[in-house]
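Student: I would like to learn how to read a few features from a model, one at a time. Please give the general idea and then the case at hand.

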Amino acid sequence: MKAMILAAGKGTRVRPLTNEMPKPMIPIIGKPVMEYLIEELQRHGFDEIMINVSHLPEKIESYFGNGERLGVDIGYSFEGYIEDGKIQSEALGSAGGIKRIQEFGGFFDDTFLVVCGDALIDLDLTKAVREHWKSGAVASICTLEVPVESVSDYGVVVSDENGQITSFQEKPTVDEALSNQVNTGIYIFEPEVIDMIPENTTFDIGSDLFPLLVERGLGFNAINIPFNWIDIGRISDYWEANQKIMNGDLRTIPMPGKEVRPGVWVGLNVSIDWDECEIQGPVYIGSGTKIEAGAMIVGPTWIGHGCHIRQNAGISKSIIFEYTRIGSASIVKNSVAFGRFFVDKDGKSFESNKMHLDWVTDSRIPTNSFDDQDG
C-alpha cells in the first residue's frame, strides 16, 4: 500500500532543535522520530512512501535514501526553490503537498495513508484501514480520546453516533469543547479527495480540506482505536516523550546498547569511573562518552555518543545530545543540551555564546581551552 509522510514544516515550536535539523530528524532514543514511523508503516504493508520535504531537505534525503535498508521504497517531493545557490523552503501546506505529488506523477491511485513525520505511534494501521473501508467514507481521521482538561491543546473532532464527522474545533476552551476526541494527524484517503485540493496553492488538510468535506456532506469518518501517540509538538513534548520511552511506557521501542547494570545501558568503548560515579537508571550512555569521577547521573537520562561529563557534574532527567561537554560541578536537570544551546523542559532556551554558558560546550574542543572557566 501507499503512504505519504508530511515532513515539510519548519518545526518552529521546537526551536532551537530545528535550527539545525528538520523536525522529523529529531532523535528519540538514538534514532530520528520518523525512522520509527517508517518501521511501523513497513510492518503494516505500507511499502511505497512519498515524503514531502522543504526545511533542510538534504538531511532527510541523505539519511533515509531510497528506503532500501528499512524494507520500503521512498520517494521525495521538494517544496521550495534555489536562490543564490541556497535552498529556500516554500512549503505548500499538508494538502498542497499531496496535490503536488499527484499532479506530478499520479502516485495516489488507491486508498492511501497520510501521517505526520513527527509523532511516535503504535496504531494498528491494518485495522484502521479496514474500518475506513467498512465505513464507505472517502476520508477518515484516526482520533483519540484525551482528558477533557487537555482538549485546548488539540484540534477537536465532533462526530455523530455513526462516526460521521460533523464539525471541528481548533483548540477550543474546555467549556467550549463539544467532544474530547482529537485529531492525531493520521488520515486515510481515497484518491477522489485530491480533486478538492486546488493546484499550486498553499492548502492545509485540517483548516482547508476538512471543512470542505463537511460542507459537501461527503463520507467523512472518525476512527477511534486506542493506541499510544506521542506527538513531538513542543520541547516539553520532546522531553516528556524521552522520559516515557526510557521508563518503558512505549514497549515497542527497546533501549539500544548493552545493559551493564540494572537500568544502565552503554554503547561501545565508553570511559566511566564506575567506582567514583553514581548512576541511577534508566540511563543510556553513548559510545565514546567519558564520565569523570564524582559525576552523578539520574534517569531517565539519555547521553549521546562522544560526550564528556566532567568531575562532580550532576545530570538528572535530561537529554544530552552527541559531542556535548558538561563542565565540572555543573547541574543539568529536566533539560535538553544541544550544541551551543541549553533548553529546559518547558522550552525556555539559552544560547551559550550569549548567556556565557561556558559549562555547556562541544566535547571535540580541547578540554584545556575551558579549564580556567569550568565550574
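Student: Which elements do the buried residues of helix 3 pack against?

Tutor: An α-helix has 3.6 residues a turn, so residues three or four places apart point the same way. Here the buried residues of helix 3 are in contact (heavy atoms within 4.5 Å) with strand 1 (2-7), strand 4 (48-53), strand 5 (73-78), strand 8 (112-116), strand 13 (181-189) and helix 5 (205-215). Helices (H or I, at least four residues) and strands (E, at least two) are DSSP runs, numbered from the N terminus. The model is predicted: local features need pLDDT of at least 70, side-chain atom pairs count only at pLDDT 80 or more, and totals for chains, interfaces and linings use all residues. Residues are numbered from 1 along each chain as its sequence is written, and side-chain values use heavy atoms, with hydrogens and water left out.

Student: Which residues of helix 3 are buried?

Tutor: Buried means under 20% relative accessible area, exposed over 50%, partly exposed in between (1.4 Å probe, protein chains only). In helix 3, Ser 94, Ala 95, Gly 96, Gly 97, Ile 98, Lys 99, Ile 101 and Gln 102 are buried. Just after the helix, Gly 106 has a positive phi of about 65°.

Student: How do helix 1 and helix 2 pack?

Tutor: Two packed helices are described by the angle between their axes and the distance between the axes. Axes are lines fitted to C-alpha atoms, for helices over the stretch in contact, and angles run from 0 to 180 degrees between N-to-C directions. For helix 1 (residues 33-43) and helix 2 (residues 57-64) the angle is about 45° and the axes are 12 Å apart. The two are therefore oblique (under 35 degrees is roughly parallel, over 145 roughly antiparallel, 65 to 115 roughly perpendicular, the rest oblique). Met 34, Glu 35 and Ile 38 of helix 1 meet Ile 60, Tyr 63 and Phe 64 of helix 2.

Student: Why is strand 11 described as largely enclosed?

Tutor: In a regular strand the side chains alternate between the two faces of the sheet. Four of the five residues of strand 11 (residues 155-159) are buried, so the rest of the structure largely encloses this strand. Strand 11 runs antiparallel to strand 12 (residues 165-170), joined by five bridges; two strands pair if DSSP finds at least two bridges between them. Gly 155 is opposite Glu 170. The two strands form a hairpin with five residues between them, and Gly 163 in the turn has a positive phi of about 90°.
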